[in-house]
Number of protein chains: 6
Amino acid sequence: MTRIAVINPNMSVGFTEKVGLQARRIVAAGTEIVALNPQFGPASIEGYYDEAFASVGLLATMRGLEAEGASGGKISGYVVACFDDTGVDAARCLTKAPVMGLCEAALRFAAIVASRFAIVTPMAVSVRPLEHLVSKYGASSQCVVRAAGVRTLDFEGENADMAYLALKISAENCLAEDGAEAIVLGCAGMTDIADRLQAELGVPVIDGVSAAVKLIEAMGMLGLQTSKAGAYASPPVKTYDGIFAEFAPVA
Amino acid sequence: MTRIAVINPNMSVGFTEKVGLQARRIVAAGTEIVALNPQFGPASIEGYYDEAFASVGLLATMRGLEAEGASGGKISGYVVACFDDTGVDAARCLTKAPVMGLCEAALRFAAIVASRFAIVTPMAVSVRPLEHLVSKYGASSQCVVRAAGVRTLDFEGENADMAYLALKISAENCLAEDGAEAIVLGCAGMTDIADRLQAELGVPVIDGVSAAVKLIEAMGMLGLQTSKAGAYASPPVKTYDGIFAEFAPVA
Amino acid sequence: MTRIAVINPNMSVGFTEKVGLQARRIVAAGTEIVALNPQFGPASIEGYYDEAFASVGLLATMRGLEAEGASGGKISGYVVACFDDTGVDAARCLTKAPVMGLCEAALRFAAIVASRFAIVTPMAVSVRPLEHLVSKYGASSQCVVRAAGVRTLDFEGENADMAYLALKISAENCLAEDGAEAIVLGCAGMTDIADRLQAELGVPVIDGVSAAVKLIEAMGMLGLQTSKAGAYASPPVKTYDGIFAEFAPVA
Amino acid sequence: MTRIAVINPNMSVGFTEKVGLQARRIVAAGTEIVALNPQFGPASIEGYYDEAFASVGLLATMRGLEAEGASGGKISGYVVACFDDTGVDAARCLTKAPVMGLCEAALRFAAIVASRFAIVTPMAVSVRPLEHLVSKYGASSQCVVRAAGVRTLDFEGENADMAYLALKISAENCLAEDGAEAIVLGCAGMTDIADRLQAELGVPVIDGVSAAVKLIEAMGMLGLQTSKAGAYASPPVKTYDGIFAEFAPVA
Amino acid sequence: MTRIAVINPNMSVGFTEKVGLQARRIVAAGTEIVALNPQFGPASIEGYYDEAFASVGLLATMRGLEAEGASGGKISGYVVACFDDTGVDAARCLTKAPVMGLCEAALRFAAIVASRFAIVTPMAVSVRPLEHLVSKYGASSQCVVRAAGVRTLDFEGENADMAYLALKISAENCLAEDGAEAIVLGCAGMTDIADRLQAELGVPVIDGVSAAVKLIEAMGMLGLQTSKAGAYASPPVKTYDGIFAEFAPVA
Amino acid sequence: MTRIAVINPNMSVGFTEKVGLQARRIVAAGTEIVALNPQFGPASIEGYYDEAFASVGLLATMRGLEAEGASGGKISGYVVACFDDTGVDAARCLTKAPVMGLCEAALRFAAIVASRFAIVTPMAVSVRPLEHLVSKYGASSQCVVRAAGVRTLDFEGENADMAYLALKISAENCLAEDGAEAIVLGCAGMTDIADRLQAELGVPVIDGVSAAVKLIEAMGMLGLQTSKAGAYASPPVKTYDGIFAEFAPVA
C-alpha cells in the first residue's frame, strides 16, 4: 500500500490540516496520507532564517517516521509541504523513499501546460530564495517570481479575502506584463484557492501540494527510490552533541 | 474516467505493443490506455530527419482521437512515446488535454532521485538532439548523454541481448566516469528492460514511458489542462494544401 | 556555377515570389536563384503546429531538388525562407550542401553591427518559439523578441500599410525600452520593407532572407559543406509507410 | 576596533582552534578574532544532512554574540568557517554586520590569480553541494570540483599524512587534466596546509579561512554592512516552538 | 611592507589624486599607496575605443614600476583604477603581483551585502561593456547596469552637483524597479561620493576603488600571487616594432 | 565597388601577404582587397599582453584608412585578421563600415555545417582568451578549444611541417574525444592549410580569414552598417596625450 507522509515544516496546525485535506482529496483510493508537522520550530516560513530552523524540524519528524515505519507501516514517499523546498536535499539523504518539495513539483507541472509561467508568493523576502530554486531547477528562462505583498498566515483567518485579492492582482500582472501563460502558487497555504483562481483567471493555476503529492504517489507506484550513489548518500556516521545528540546519523 | 492515449510516433507495431503493455502495467485501476501509432511515417526515429516525418503522423493521429473523442470517450491526456519528444510542442497546440514526451518526463523523475544522471541512447546521431532537449528542459548542469552504439530496433528480436549488453556497458561508464547517480533510458523501446538494468546496476533506472504515463495520469486526476494563452494556443485557422489539406487548423 | 535554392516552406506563391525577387536582387552576377515552395502544406507558418507540417513539405521539395540536381544542375546551397528555421536541422541531414534558416542568418548579421538587438515578429504565438531559437543560437543575452500583433499574411495585400505601421511602432519600442541598437525582421514576408524601415528608424534593419542568401552564397564559393560526422549525418536507411513511403531515407 | 567572529559550525574544538590560529596569524594588528563553535550539533559537516543541523548551531551562536555585543564589544563581521557556506544566507538575515563563507571568499581570490581553478574537497558526497555553490557564485565556467576521497577529520590526527597525500594527488590531477591554474582548498580543516601545498605544487593555493577573514576585515574597515532592503532583511517577527522557542525572531 | 600601485589609466590628474586620496584613507597603517597615471593616453575612458588606448598606457606604467621595483621598493599589488577593468587581463600577464580592477572588486563586495544589486555608470555607451564584465564575473543573474546620462568628467568641477543628482535618481530607480538592494558606483571618479549616497539612500553603496584596494592589500598580506601556469603566463618573448618597441616582452 | 581592408594586427609581413593572398583568392570579381598591417606593434599575438598592443596598431591603421578613404576610395568593410578578435569592439566604434574578427566569423560558419566543433589554436596561452570569445559569441555548448602546442610563427618557415602535424593530431583528438564534427583553425596564419587539412580529416575545416572576408563582402553588398545607437557609437570627443595624441577621437 502507498503511504505518503506530507510534512508541513512549520508549526501551523491549520496549515497541516489544510494541506492534509488537499492531499487526501486528490490521491487514488488506497493511498494513505499522513499529514503532520514538527514538534518544534517556526510558526511560518518566510525567508532564509525561518528555513534553517524548519529544516531541522522536518528532518526530526522524518527520522521518527523512518523508525516507526519499521514496526508500523513503511512510508512510500515524502512531501515537504513548503514552497521553499526547505530541507529537501538533506531529507533525500535520510531515506530511500522519494522526497519532493512543492516548488520543484509545481515547476514541472507548469512546464507541461505552459511555455512561460510565474510564481506568485506572499512576501518580497521570498522572491530571491525562490529565484535561486527556479535557477536550480533549470527554469529561469521561462519563470518569473512576484510577491503579492501579504504575510503567509494571512491566507488563514480574517485577512484571507484581502490576501486572495492581492494574490489575484499580482497574478494578473504576471499574465499581462511577463507573458505568463500559467500561475504557480508560491506557498503551501494557498492550496485551497487554486480552483477558484484558475476559474477566475482562465489559465492553469498550479498548486504545489497537489503536484508534489501526485508525483510522489506516482513514484511510489513505479518503485523509484532515491539514489544512494552520490549527493543523496546516507550521511556518514558521526556524533552530534547537545540538543541535537539524538539526531546523529547512524549506520 | 481517465483515458490516456499513448502514441508511438513510429510505425513499429512491436514498439506500440511493448509501450502499451508497460503503460497498462503501471496505471491505476480505472485508467484506460489507448496505445496506437500513426497510419504513415518512419519505421523508427533516429535523428532529425525521421523526427520531422514522425511529427506529422503523430498530429494526424491526435486529430483523429480528438474528433472521435467527441462521440466516443474523450482523451484525458497524451503521451508521445518517443524519447526525442517528437512533435510535443505542436501537439500541445492541438488539444487542451496535457501532452507529455518521454524525455521531459524522465528528466523530471531523475532529478528527484539523483543530483546527477545520464541518458543512455542507442545511436550517436541522437546525442546532439537529446542534448538540445536537456538544455531546453534546464538540466544541462546535471545530465550527460551517451550513445550505446546500437540501432533502436536492435532492442527487439535476435539482437536484443547484444543491445542490452552495449547499453549496460555504456550505463556503467556513465556511473564511473560522469558521476551519474541514476540512468535514464533514452529510447521508448527500452521500456521493458528498466527493471533488469536497475537490479544489475544498483542505481535508479528511469524509463520514460512509465514516467510520462504516470505524470499524465496525475495531471488528468488534477484536471490540469494546457494553457491556451501563449505558445500553445490553438493554431490560427488557415488552409493547408495537397496531401495535408485535411490537417488544416479549424476553429 | 553557384545555384541556390530558396525554399519558402509555406504555400503562399506571393511569398515565394517576393522572397525570390529579393534573393535575385542581392546575389552576385553568376549566382542562380531557384525560388519555390512545397506542393503541399500550410498557407502560412504561425507557431509550432504549422511548423510541423511545413517541415515535411520543405524536405519533400529538397529531395526533389537533390535528385533532379544529379541530372540537371546541382544545388550549391539551400535557404529555408522562414524565420522559424522550420526543418533546418532535418534539412541538414538530407544534403551535403549547406542549409541556412533566416533566424540564424539574421542573428549573425545583427551581432556584427549591434551589441544589442531585437526581433520584431508578426504574432505573439511566435514569440516563445523564436526565444527558443535565440537561445539555441546563443544570443539570449543580447536579443529580445517582440510581437507586432498582426498576421503574417497581412504584410501582403490591403492590410500592408497597417501591418507596416504596427511593426514600426513595435520596433521603436524595442529601441526605446529594450536598448536595441538594430532591428531584425522576424518574418520572411517582411523582406521588402527592410530598406524603408531602416531609413525611417535610422538604425540597421536586418532582413533574414538577404542575410541567409548571402551566407549560403559565400559558403558555396568557399566550398564548405555540411559535416556528416555527427548530428547531420544522412538519416539511417529504413522504410517509411503510407503517404510518406516515398520519403524514406535511401543509401 | 575590528572584532571578527570566526564560527566553526561543527563541534570539533580542534577545528575551531586551528581556524582561530590561522585567522589570528593573518589579521592586521588591532583586529581581534573570536573563534568559537556552537554548543550543539554535528562533529563534522559532510553533505546536506549535517549542514542542516550545523546551520542552526551557527545561528544560535550568532544570536548570542549579537546580544552580548550590545553590552561587551560589537562584532564587526562574521566568518562562517565551513567550506559549504552552511547557513550563510540565513546568517545574513540575522545581523547588519557582513557575513562571509569560505567557499565564496576563496572563489573570489582564486579568480584574481587564475583564469581557471579547482576545488579539492575531502569527500565525494560534497562534490555536488559545492558545484551548486560554484554555480550560485557564477564560477561554473572556470572552476571544477574534485574529491580526494578522505574524511574531513582525517586532516587531524594520525591519518593527516595520508590525507595530505591524497589531497595533493587530487590537486595534481586538476592541474594536469582540468587546466586548473590554482587550487582552492575545499575544507576549513585544511587551513594549515595551504603554504606547504603551494610550495610543492608551484601554483597559488587558496585557503578559504584566510580569504574570508581578510575580506571581512576589509569590509569592517570600509564600514560596509548587509543590506536590509531585500532577501537579507531581518526575519519577520513570529513565534518558534519547542526546543527552538528561544530562537524566534524578535523586533 | 605592503606597497600598492593604484594606476588610473586615464590622463586626468584630478582623478589620480582623488583615487589616491581615497586609497590612502582606507589602508592599514604601514601600507603605502603609489597613485599614478600613464604618460600618454585618453583624458577619460568612455567605451571600447578609449579602453584600447588606455590599456597600453597602463601596461607601460606597470613595466616602469616592475623595473623600478627591483632597485627601489617592490610593488605588492596593483589596482587598475577604472571601472571598465581596462587591461586587467593583460596586466596579470606582466607581473606576479596580484592585479585587480574596480568592477570585479566591487561586484564581489556587493554580492556579500546584497542578493541583488545594480551598477550605476555615467554614460550609456558603457552599459554594454559593463554587462560583458558582469557576465564574465558570473553576476548576470543578480546585477543590472544603468546609465545616469552624464559624462565621466562631470563628477569633477562645476557640473558635479548636477552629476550627483542624476546618479542618485538613477540609483533610486534601480532600487524601486530592479529589486536592487545595494548600489555599485560604476566609475572611479565617483569614489568620493559613496558615503554621501549611502547615507541618503539607506542601502550599501560600494565604491570600486575602496573595494579593489582592500582586496589587493589583503592578498599582499596573504602572499597570494598570480598563477603563471595558464592564461596569465608571462608573454612569450618577441620583438615589438615602432613606437611600441620598448614594450616587447623580455625573458 | 566593394573595397575590403584586411588588417593583420601583428607586424609579420609574411602573415599579411598570406592573408591577403587568401582573401583575394575567394572574393568575387570586382571586390578589392587592401591587406596591410600596423606600423608598430608585436611580431605576433599570443595572449592578452600582445593583444593590448596590437589593438592600438589596428586602430591607428584604420584611422589612416578612414581619412584616406575620404579622398581615395572608401573602405566598405574591415576584417581584423587575428583569431583573438583583437580590438574588434573598439574598431566598430571607429567606423560605420562593418568590422569582423576571424573568431566570430569562423564560429558562425562552423555552426552552419556542424552541431559541434572545435577550435585548434597554436599555444595553450590562447585557450582561455578564446574560451571567453566562444562564450561571448554564445557557442559554449557546442565548441571546445584545444592547443596544438606550437608557436604561431611556426606555421611559417622551416618548422611548418612539424606545426602542421601537431595541429592535425590535435584536430583528430577533437574529433575522437570531444564529438567535434568540424574543425575551426584558431589562427590567421593557418589560412593556407585549410584545404589540405579538410581533405585529410574528411570533415569541414573552417578558416577564419575566408569566413570573415566573405561575411564582410556580403554585408557590403547588402549595405549593412554598424549601428551608432549604442555600444558602437563613435567615441566621445576628448584629448589624448603623449604618443597617442594624434589618435584622439574627433567629431
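Which domains does the domain assignment give for chain A? In this predicted model, where local features need pLDDT of at least 70, side-chain atom pairs count only at pLDDT 80 or more, and totals for chains, interfaces and linings use all residues, chain A is assigned domain 1 (3-102 + 210-247) and domain 2 (103-207). The bounds come from an automatic or database domain assignment. Residues are numbered from 1 along each chain as its sequence is written, chains are lettered from A and ligands numbered from 1 in the order in which they are written, and side-chain values use heavy atoms, with hydrogens and water left out.

The centres of domain 1 and domain 2 of chain A, taken over C-alpha atoms, are 22 Å apart. Contact (heavy atoms within 4.5 Å) between them takes 28 residues from domain 1 of chain A and 32 residues from domain 2 of chain A. The size of an interface is often given as the accessible area lost when the parts come together. Here buried area is the accessible area (1.4 Å probe) that two parts lose on being put together, summed over both. Domain 1 and domain 2 of chain A bury about 2,300 Å² between them, with 58% of it on carbon and sulfur atoms. On the side of domain 1 of chain A, the residues that lose the most area to domain 2 are A:Lys18, A:Glu46 and A:Phe83, together 32% of what that side buries.

Between chains C and B, the contact takes 45 residues from chain C and 44 residues from chain B. About 3,600 Å² is buried between these two chains, and carbon and sulfur atoms give 72% of this area.

Grid points are joined across faces, edges and corners, and a volume is the space filled by probe spheres set on the points. The count comes to 18 cavities of 30 Å³ or more. The largest cavity has a volume of about 210 Å³. Its lining holds 21 residues, and D:Ala111, D:Gln142, E:Arg108, E:Lys136 and E:Tyr137 are the closest to its centre. Helices (H or I, at least four residues) are DSSP runs, numbered from the N terminus. Of these, α4(D) gives the most to the lining of the largest cavity, with three residues. By class (Ala, Val, Leu, Ile, Met, Phe, Trp, Tyr, Cys and Pro nonpolar; Asp, Glu, Lys and Arg charged; the others, Gly among them, polar), this lining has nine nonpolar, five polar and seven charged residues.

The second largest pocket has a volume of about 500 Å³. Among its 24 lining residues, B:Glu66, B:Lys74, B:Leu94, B:Thr95 and B:Lys96 lie nearest its centre. Its lining comprises 13 nonpolar, six polar and five charged residues.

A:Arg108 is in helix α4 (residues 102-113) of chain A. At 5% relative accessibility, A:Arg108 is buried (under 20% relative accessible area; exposed is over 50%, partly exposed in between; 1.4 Å probe, protein chains only).

Key: 1 Å grid on protein atoms, 1.4 Å probe; cavity = no way out; pocket = protein on both sides within 12 Å on 5 of 7 lines; lining within 4 Å. Helix = DSSP H or I, 4+ residues; strand = E, 2+ residues; numbered from the N terminus.
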